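Student: Can we go through this model together? I have a few questions about it.
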Amino acid sequence: MPFNAPLSESQKTLVNIGFAEFADQEYITPLHPLVLAYNANLASVLAGDKQSSGSFKKLPPVTINRLTAQGLMPFVYDANHDFSYNHSEKENVFWSKLIPQQESSYDFVRSLVKDKVNKFTAAFKHLFVAGNKTTLIINSVNNQQNKEVFLGLIDYIKLKKDKVTNIHVNLYDEAESYCWFDMFADTASYDELKDLCELNKGPAKTQADSIIDLLRTRLTYSKFTHDKGEKAQAYAHMSFFKNNERVQATDVDVLKQTTGVACHGLMPGEAATSKNGRYYTAFGLNGIDTREAPHLALIAKYSGLVKPARSQHEEYNASRSQALVVTEEFKTLLERSYENSIWTTIIDPKVTLEFFESQKNMVLIHYSDNYTNSVNYDAITVTKQTGLYNKVLESDNGGIIEEFNAFNGEWLLNLVTANDNERKEKRGIICAYKYVNCLLAKSDITWVPLSIAEVIRVAGNLGLNMADSDLSRLAQGFKKGVISDDILFVGFKDQQIILLPVEVKTGKRQTHSKGVKQAQELKSYFESLLGQQTLAGHLYRGLFMRQVLMQIDKYKLYNVYEPTYFDVIEDSSAYWLQGDYQLAELTDYPAGLLFVNVEDTDFTHAAFTPIQNILKVELPAACLSHWVKTPMQTLFKELTPAKLHHINARYVLEAGQTTQLVTFDDKEKSEERDVTESGQKISNSGSRVIELADIGSLNEVKGELQTLSQVAEQNKPLVKRKTMSEEELEALYQRVIDCYYSFNIPVSKPNTEAPYVEGLRLSCLEWS
């Protein structure tokens, strides 16, 4: 096929193999060359995995569902609609449906509306103390038929029942259209209303009549069209604004576009970038070696053929691909929503966070990418009521909104409703990550602090399923057990990453033995996931790196670090996404930190105590405000011993810090291994070897978390117990340790022998 010329009819027929239409719906079938190439490569990988470890069968469903060819061609040229989205069919992922852009699915909006309304009424409950005598006002902008908004409000009413306040919805659109609110008003039959409101199945079926009565008495609406002038929208507590700016398809060079491809094409996907006020979403291969991935080599050539094959006059050019681009022209209408609402939630914003942060006198209070599988944000909530959030922070002796937002995108949303202890906890975490970052700042390792709670989903937040995260504890088979959900520092050096967990506590001074276990378990959990030299470990490394790169985007957005701080990572982002990096750890440095904000009035000087290879950092609570209120870049410029509370110099990381590899052996452990080598070996090449047979399969645990003696204390030999359970013995042993701590005598478990043996009165302890 020659370049710079239209395709012949026979060539078009060849390129269109694998596209099919059934009942006016177009599909990409299992016979499409990209689907065949992707799944042939996947089958080869799975065959190798079956022979070596069989790790694929232990993957959680959420990860398995990502292994489809859909991401290779997320958008397809359409002569009538400009382009169509490519959506995998859940029932059979070998098939995917092509959906024209104006028919795109917004099913996630239903959950979004319910969650946001529930959050708002909780955050501003003083506005609705009179119950059904008060009214919640909502503006719905550009949501056309408003099906999802209507059903989301029904879900909220089902949640609140007769305690729900009155709700009035103002509907704004380019032109009036018959919507679901109209259908409800025009329907008289209760049976038809139950069908319309989806109340004829599930738990709501028994309460359908009472819910319909509540809808009829407490839900009202008005309809408006957009004024072409400057007329403001009606005042509302909340606005749900859909960006209906028409997305345009444009041609780009697939080999030069930023890539979202992970794990050598096993998880292909698009990436979003901004260029001069325009926002692009495209599949790219920049930095990707396609020679050993046949499906990637194919898409690099095939992408340039799709548009010429589906149009009359388009010429074929090498490496061309479809990208979606949207401009900022919807800004005027959006500003009307800002001005007249306390919260404005933008649905499918089609732009990056950078667009919103560039707006003046406005605060991002929440951003979510959890409602859909898109790489972009599906909803962003903003407010112009900046004074409210500043006052909340000021009431706790100050804080920097941008640093709260950069670290965790959900915190500000919950800040108004949080009690004193919850706000104190969040401030303590901000203090901890900034202090620890200062300890690490002088090293030649680039550190990225992660808010780890949403990654491992210890608790469900904002209506999100705890099993819907690939790296979540529940998805990996754990249902209980202690683990830190505060901070995980990820260090980048050469082609290795280093994991340094930080557990944060605030309160009276005590031993915090649980905090030590939590930090140890977080490190052990991620090392066991990411360190496996299997297909599962490879996929987890790619998915984990996606999380890290998203966190970097947030830090850059809010200028938390110097502009070039993350360049060494971002310049090689394509490499990191492939999951080929290795795990390493710092030598002669603690495996993690327990950071305590001590509130005792007589505790005035910082204390630093090593416990079981975890450094316990205790700072007086009076120091917390300084760390929270001072910008990170300013702290980096003031790294003196006094500013760091005179911590021992060995804990201030310097350039040239040595590391050792953390390698994993997933074979059966040797029966001849002696006691001192049980679970951990130091090789002559400077690496720590952990046998996965000792850790066990994460998915085989199913509800029983490994105990401290099995994971965190991997040097401990196995001792056969007689009459007391291991849990009872550990509890008794911990009481002994706590007794020493009550007299300020630090002790730790020994490294080379069992810490306790049943029947002996004295425990074996090492003096620190």
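Student: Which residues form a nonpolar patch on the surface?
Tutor: Met1, Leu14 and Ile17 do, with about 270 Å² of accessible area together. Patches are made of residues with over 30% relative accessible area and no salt bridge, like charges being joined within 9 Å and nonpolar side chains (Val, Leu, Ile, Met, Phe, Trp, Tyr) within 5 Å. Accessible areas come from the Shrake-Rupley method with a 1.4 Å probe, and for residues only the protein chains shown count as cover.
Tutor: A caution before going on: this is a predicted model, where local features need pLDDT of at least 70 and side-chain atom pairs count only at pLDDT 80 or more, while totals for chains, interfaces and linings use all residues. Residues are numbered from 1 along each chain as its sequence is written, and side-chain values use heavy atoms, with hydrogens and water left out.
Student: Where is Leu14?
Tutor: Leu14 sits in helix H1, residues 9-15. Helices (H or I, at least four residues) and strands (E, at least two) are DSSP runs, numbered from the N terminus.
Student: Switching to strands, how many residues of E6 are buried?
Tutor: Five of the seven residues in E6 (135-141) are buried, where buried means under 20% relative accessible area, exposed over 50%, and partly exposed in between (1.4 Å probe, protein chains only).
Student: Which strands does E6 pair with?
Tutor: E6 runs parallel to E7 (residues 166-173), joined by seven bridges, and pairs in the parallel sense with E9 (residues 236-242) over four bridges. Two strands pair if DSSP finds at least two bridges between them. Asn139 has Asn170 in E7 as its bridge partner, and Ile138 has Met238 in E9.
Student: What do E6, H5 and E7 make?
Tutor: Together with helix H5 (residues 147-160), E6 and E7 make a right-handed β-α-β unit. Right-handed means that, with the strands pointing away from the viewer, the path from the first strand over the helix to the second runs clockwise.
Student: How many salt bridges are there in the whole structure?
Tutor: A search finds 18; each is a side-chain nitrogen of Lys or Arg within 4 Å of a carboxyl oxygen of Asp or Glu.
Student: Which residue does Asp155 form a salt bridge with?
Tutor: Lys158, with the closest N and O atoms 3.2 Å apart. Asp155 counts as buried because its relative accessibility is 13%, whereas Lys158, at 21%, is partly exposed. Both belong to a network of salt bridges that also links Arg110 and Glu198.
Student: And Glu403 and Lys434, buried or exposed?
Tutor: Both are buried. Their side chains meet in a salt bridge at 2.5 Å, N to O. Glu403 lies in helix H13 (residues 401-407) and Lys434 in helix H15 (residues 420-440), so the pair ties together parts that are 31 residues apart in sequence.
Student: Last topic: where is Leu199 found?
Tutor: Leu199 is in the loop between helix H7 (190-196) and helix H8 (208-218).
Student: Why does Leu199 count as buried?
Tutor: Because its relative accessibility is 0%. Beyond its neighbours within four places in sequence, Leu199 has contacts (heavy atoms within 4.5 Å) with residues including Ile154, Lys158 and Ile211.
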